[in-house]
Every structure is written in structure tokens, then in C-alpha cells.
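Hi everyone, thanks for making time for this one. Have the sequence and the model open if you can, and let's walk through it together.

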Amino acid sequence: MTKRVALLYGLMCLVLIAIGFLQSWNVAFGIFNLCVISAVMALGVNMQWGYAGLFNVGVMGFTALGGLTAVLVSMPPVGEAWAVAGGDIALSLLSLAATIVAVIYARRFVHPALKLPVTLVLLLAGYFLIGVFFGPATDAIESIDPALSGYLGGAGLPVLVAWPLAGLVAAGGGWLIGRIALGLRADYLAIATLGISEIIIAIIKYEEWLSRGVKNVTGIPRPVPYEVDLIESEWFISLANFFGAAEISDAASLFVKLCYAVLFVIVLAIIMWFAERALKSPWGRMMRAIRDNRDAAAAMGKDVKRRHLQTFVLGCAVCGIAGAMLTTLDGQLTPTSYIPLRYTFLIWVMVILGGSGNNWGSILGGFIIWFLWVEAEPFGNWFMSTITAPLGGGSELAQHLVAGAAYMRYLMMGAILLIVMRFAPKGLIPEATNRSTAMTRSS
Amino acid sequence: MEILNALALFTNFVVVPATAYGAQLALGALGVTLIFGILRFANFAHGELMSFGTMITILVTWFLQNMGVSIAPFPTALLALPIGVLAAISMALVMDRMVFRFYRKQRSNPIVFAIVSVGVMFLIAGIIRIVIGPADQSFADGERFIIGAIDSRRALGLDEGIAIKQSQLITVVVTAIVVAWLFWFLQKTRSGKAMRAYSDDEDLALLSGINPERVVMICWVIAAALAAIAGTLYGLDKTYKPFIFLQILLPIFAATILGGIGQPVGAILGAFIVAFSEVTVTYAFKKFLTYLGPTDWAPDGLVQLLSTDYKFAVSFIILVAVLLIRPTGIIRGKVI
């Protein structure tokens, strides 16, 4: 078992090293960084699916929440916008709070038959009340220098602070949706999470006062040095000379990627440590018991719904952290780049391929699938040009097929998911169970 | 007069588009509900199946347009639709044979089916993007309007006209025909009765000598045909974009659950409720209220409950409300 893990991880390392020698170390570390982020997301999904059997197809939404948190924490605040609209924003928040309090209060004291109509009336009234302050505020914010800012900005804190905060924000979102959809049949959770993720993306896309929407936030402050500063600093030049780097700018971007890699690996290691501890603890055994036989676990007095909510929230938090890391690495938030095939279903392929329920498997799955996803494009180009070679380069069909080669990756991911589910449903590194030992003991 | 103007305005901007949209959703939701009822899983690949059928229809339409074939004033796509339907059916049957049958034999958990359907979704999405590319495609031809805004204004003698696009009328007519046929099939024919029996109680149906593979095959044929028709009508009415078919899954699922899982009548009802709520909530009532209110008075804002950007939120809120208030749906469906 452990031999197999070591072998598979070793192979993955070799492949990345080969990329380093064949393409370039910059490419290799670029892929490695995104592999680590993918691995973190896969760990989050594994907590939900592998530990508890929850089918969450809203990973994209929680990742995007993490990305938004990174922006809101790290970008400098736009003072003018706060000055113009701060009062109205505060008033809208107050009205929101008042509405919530009124609804809770009314639901407690009103006759049960009137609960629903009273709640609806209060919600509607609250909605319009918030609109009175909120509409002018957003208009004012969005009209301030729309080409450069046009939003509230962030808190101006270091971006690393955003990573744990992103986990908290995503956990809050997960708690809300989990409260509603958990405890019902499994497909409902899937459909509800699909919905919430689309709504989160819509909010980020269209609430320009918050996130600049489709105008994107760029230039998010980095936790690592900038290339331009590096190539001018003396210590770096002597370091590059010491390693015999041919091109100083290449060396600088490699150095930056290495710094990111170190940060990401630290995060991955921390999360992995907690995840493994949790899985091996009595809590982990209880989760597996609930997953494998819900009714039996409930009969033993386990609060199934509460435990499900707990793991769901934890998994969402991990996805949120990964989202913040991704936005930090990109240095920008581009809401239009969030599509479910890439941010939700691809992560699922990672978890299934790696081995549901096994954290080492999820990390490996994250590495393999991200690697294939990136390398599918050159491979697809090669494949398409080979099969269209007999047609000649000028033929329209050949050109069309070569243009579509990038989408070979969808085919590849579909094929991997189907093949794994069919022939190795436990994945590359199957979940470690004590069942075999238990059986020998009983016989 | 003012009231009539307001009504005409409302009909033009809410009732007509919502009816067409509801009909398109109904066809999609019928397919999803049949698969839910017979195969007992949420088919995430249904949107891509719609997209695939539409894509083949578009390709055949282009071919026919190049050949100079046309059935003006109707859109050429109607002539191409049968081939799109056949393509979607073949795709569904191939996927069932290659993928889903194995898990049916194993009696796998519905979640396993749902995950596998994600794999199928990836495959079909890849094929679509390689063949036709990710960009928008327009393929509608023929007359655009049956009744233009100006003509109807004159005919009704009002300030507001009711324009009806040809695609909207075709959508409603085609949906009515297909749905009537489907209900006749489910209620009157032997195969339809077998399907309902199988959906009600699998074991009892097997004991009565119903061949499950045949029921499943018919289910896929119907669901795929409906999917191709729904996708093509949606494309004719709006435009064809490959990525939209993942987003349209949400209203379709919402309609299915709202109507009651496995209930064809419920699916149709649910689809129209979702469509009407979506269009009404995102419609700006400013002009409507201007007609109704006193003269020389107009509301300040747009009087729009939700901006159109958040139309998924409507399906989502409906979904959540159903989950909280009546998880079985309007017409008591299964809770598997």
C-alpha cells in the first residue's frame, strides 16, 4: 500500500522534472503551483464526498468566494467611494439587520398560521427599504473613476491574511446552503449547490461596487517579491550568477514561482495534517460509519445531519482557501473565467481518480489531472495535426479540427472519469480500511 | 384604455416570452423527470444532450441552406430537426449501452449514476466544442414576426402592441403537439403503461413480465427526442451558445422538483411556473405602473424586483422554497 503511494508520487515527480528539462523550469513550476492549489481543492471535495458522501457540485462558488475575499482584504480602499457612499452603505446594512431581526421576532410571536404571509410581507418591505439606500449608494460608487476603480476597494491588508479569512467566508456560505439542503435526498444537495454557485458567480460578475464585475480587479498585491525589483537587487543578481542562470529575467520569474510554491506547499501541508488527523480520529471513524450506513449510525445515536453540516462546512472552507490562493497567484480576479466544468467538475475528476476517501489520493489526483489538463492542449494539437495530416494543411476541415484541439481536454476528462468509475471505482490510491484485518480476526 | 394599454404591455413583455420559455423548459423538464422516474437519477448530462441535438440540427440546417432548400416562411431548422432528434437519440442510446447499463446491472446508488452522468457531460461537451466551437451560432431564417408591434398596435387601436415572433408560436405549437402525443403514449399504449408501472414499482413491474431494458430504452428515446426539440426551439427563439446549456439545467431541475419528481404533468406545470416567475420578477414594471397610475405620474425607479442578471436566483429560490415547504413537489412525486 505505502509502496504504491510512494511509487505513484515518485512517478508524478519524475514527470514534472522531465517537463523541467524538456520544456523549462518555469513551465514546470508554473504547473506545480497550480497542481498544489488543485490538490487543496481536491482535499476539500474529498472531505465532503470521501468522508461523508455528500455530492457538492458548487465547488466553483466557494472557490470564487475565496477569490473575492482575497480582493476585499488586500486591495487598497477607495477613500473617495467610502466618503461618498459610506453613509448609505451603513444605512442599507442597518436596514438589512433590521429586516432580519423583524422577521425573527415576528416568527416567534405571530400565530403559526400567519407565519408565512407575515414573513413574506416583512421580507418584501425590507427589500424595498434596503433598495432606497442601496441603489443611490451603488450608483455613486460605480460612477467614481469607472475606468480605474468604481468600487469600494478592499481593506488594504496583506494578502496572506485573506487566505484564512477566505476559508471563514466560504465556510459561512457553506453553512447557509448546508442548513437548507442537507438532510434531504442527495440529488437535491447537488442541484442546490449547482444553483448557489451560479448565484455567487452572478453576484461577483454584476455587483460592480463590490468586485468591479467584468471589469476585473487586477494588480492584487503579492505576498512575494516582484520580478522587476528582483532583477535590480544586488543579492539576487549574485544569487543568479552563483547558479549560472543564463537569463536574469527568467531566473527572477522562476524565483517568484519558487516562493509561491513554498507558500502553497506550507498551506497544503497544514491542511493535509489536519485532514489526516481528523480522518484517523474517532470523529473520522464516525463520519465513515455515517457514510457507509446512515441508519445504523443514527440508531447508534449519532446526529447525522449535524455531522454532515460539519464536514460540508469544513470542505467549503478548504475550497475557499484554495480560491484565495488561486486569485493571489493570478494577481487578479476575473469573474468570467469561472466556469463549472473547470472549477467544479474537474475537481470531481481529481477526487474520483485519486481515490475517494483517501487524502493522499486526492492530492495525487489533483496533481495528475491538473497536469493532464494543461498538457492536453499541446497533446491535442499534436494529435489533431497528425490525424489531419493526410488532408493537407490547407483543408478547411483540418484547420477547424486543429482549432478545436484545445477542447480535447474535455473529452479526456470525461473518458478518465468514466474509465475510473467503471474499472477502478476506488481510484488510484484506495481508501485505507481496517476491514481486511477485521475479517481475519473474526474468522 | 389605460388599463388595456397596461395589459397589452404586460402581455407583450411578460406573457408571450414566458409562455415560449416555459414551453422550452417543459420539454427539457419532461425528459429529466422521465429519467428520474425510470432510471432514478439526476442526469447532469441532459443539458449537453439538448445542446448536441441542437448542434446536429444546426449543421443540417446550414447544409440545407447551402443547397438552397427552404420551407419559407418557416425556418429551415424545422426540416433539419428530425435528424437532430435522431442524432440525440443515438447519442443517448450509445451512452446508455456504454456507460449507464453497467451500473444498472450492479444496482448502483443514484449518486454513482449522477457522477457518471458528469463524465458523459464532459464527453458530449468536448465533442460539441470540437465540432462547432464555443462561440454563438445563429441559424434562424424565415419570417421573424407573425404579428409585428406596429400592426398589432393598429389592429388593437392601442398605444402598446403585442408582437409575436414566429419562433415563439412554433415553440408553443410544437410543444403542444409533442406533449399531447407523450400523454397519449403514456396513458394509452402498452409501452407507456409499462413505463408508468416500472416507474411506480420496479419489482412489481418485473414480476408482471415487463422487460426493464425495453422500458429504459424507450425512456432514453423519448427523453433525447424531447431534449433535441427543446434545445432547437430555444436556439431558434434566442441563440445557440454551447455554455448556456449547463446554466439551463438549473431551471429545468427546479421545474422537475417543483412539479414532483417523476410526474410528467408536474414537470410541465413546474416549467411554466419557473418561466413566469423568472420573467415577471426580472421585468421592469415602470411603464406598466405609469399606465395604471394617475395621469402625469411615473414611478421613480424601474420597479424591477431583480435585475435580469440574477434570473438563476429565481429558479434557485423556487427550488429552496419547495425543499423547505413541500419536498415532494406540487403533484406528490417520489422521494427516492
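Before the interface, one definition: two residues are in contact if their C-beta atoms, placed from the backbone, lie within 7 Å. Please also keep in mind that this is a predicted model.

With that cut-off, 37 residues of chain A are in contact with 39 residues of chain B. Which helices of chain A each supply at least two residues of that side? They are α6 (159-181), α7, α15 (340-354) and α18 (408-423). The one giving the most is α7(A), with 13 residues. By class, the side of chain A that touches chain B splits into 29 nonpolar, 4 polar and 4 charged residues.

Let's stay with α7 for a moment and pick one residue. Ile204(A) sits in this helix, which covers residues 186-206 of chain A. Is Ile204(A) buried or exposed? It counts as buried, because it has 25 C-beta neighbours inside 10 Å and the threshold for buried is 20 or more. Setting aside neighbours within four places in sequence, the contacts of Ile204(A) are Ala64(A), Leu68(A), Ser211(A) and Pro335(A). Another pair to look at is Ile204(A) and Leu65(A): they are 139 residues apart along the chain, yet their C-alpha atoms are separated by 8.6 Å.

Now chain A as a whole. It has 19 helices and 2 strands. Its C-alpha trace spans about 70 × 70 × 55 Å along the principal axes. For 443 residues, a compact globule would have a radius of gyration near 22 Å, and the 25 Å of chain A agrees with that. Buried residues make up 43% of the chain. If you take the contacts in chain A between residues at least 6 apart in sequence, 81% join residues at least 24 apart.

Chain A is also divided into two domains: domain 1 is 2-77 + 153-431, and domain 2 is 78-152. Their C-alpha centres lie 34 Å apart. How many residues make the contact between them? On the domain 1 side there are 7, in contact with 11 residues of domain 2. That domain 1 side has 3 nonpolar, 2 polar and 2 charged residues.

On to chain B, which has 14 helices and 2 strands. The radius of gyration of chain B is 21 Å, close to the 20 Å from the globule rule for 336 residues, so chain B is as compact as a globular protein of that length. Its C-alpha atoms fill a box of roughly 70 × 55 × 35 Å. In chain B, 49% of the residues count as buried. Of the contacts in chain B with a separation of 6 or more, 76% come from residues 24 or more positions apart.

What about the nonpolar cores? In soluble globular proteins, nonpolar side chains tend to be buried together. Here, the largest nonpolar core has 232 residues, and those with the most contacts inside it are Val40(A) and Ala88(B). Beyond its sequence neighbours within four places, Ala88(B) is in contact with Leu49(B), Phe52(B), Gly53(B), Ala224(B), Ala225(B), Ala227(B) and Ala228(B). A second, separate core has 10 residues, including Ala85(A) and Trp209(A).

Helix α14(B), residues 311-325, should span 21 Å at 1.5 Å a residue, and its end C-alpha atoms are 22 Å apart, which agrees. Among its buried residues are Phe312(B), Phe316(B), Ile318(B) and Leu319(B). What covers the buried residues of α14(B)? The cover includes α7 of chain A, along with α10 (244-247), α11 (249-259) and α12 (264-281) of chain B.

That brings us to α12(B), whose 18 residues reach 26 Å from first C-alpha to last, close to the 26 Å expected. Its buried residues include Ile268(B), Leu269(B), Phe272(B) and Glu278(B). The cover of those buried residues includes α1 (2-38), α6 (166-188), α11 and α14 of chain B.

Last stop, two backbone angles. Asn216(A) has a phi near 65 degrees, a positive value in a residue other than glycine. This residue lies in the loop between α8 (208-211) and β1 (217-218) of chain A, and Asn216(A) is partly exposed, with 14 other C-beta atoms within 10 Å. In chain B, Arg107(B) has a positive phi near 55 degrees. Arg107(B) is in the loop between α3 (77-106) and α4 (110-131), and it is exposed, with 7 other C-beta atoms within 10 Å.

That's my tour, so over to you!

Terms used: Residues numbered from 1 in each chain as written. Chains lettered and ligands numbered in written order. Predicted model: local features only at pLDDT ≥ 70, side-chain atom pairs only at ≥ 80, totals over all residues. Helix = DSSP H or I, 4+ residues; strand = E, 2+ residues; numbered from the N terminus. Buried ≥ 20, exposed ≤ 12 C-beta atoms within 10 Å, placed from the backbone. Nonpolar A, V, L, I, M, F, W, Y, C, P; charged D, E, K, R; others polar. Rg over C-alpha atoms; globule rule 2.2 N^0.38 Å. Core = buried A, V, L, I, M, F, W, Y, C linked by C-beta atoms within 7 Å. Expected span 1.5 Å × (residues − 1). Domains from an automatic or database assignment.
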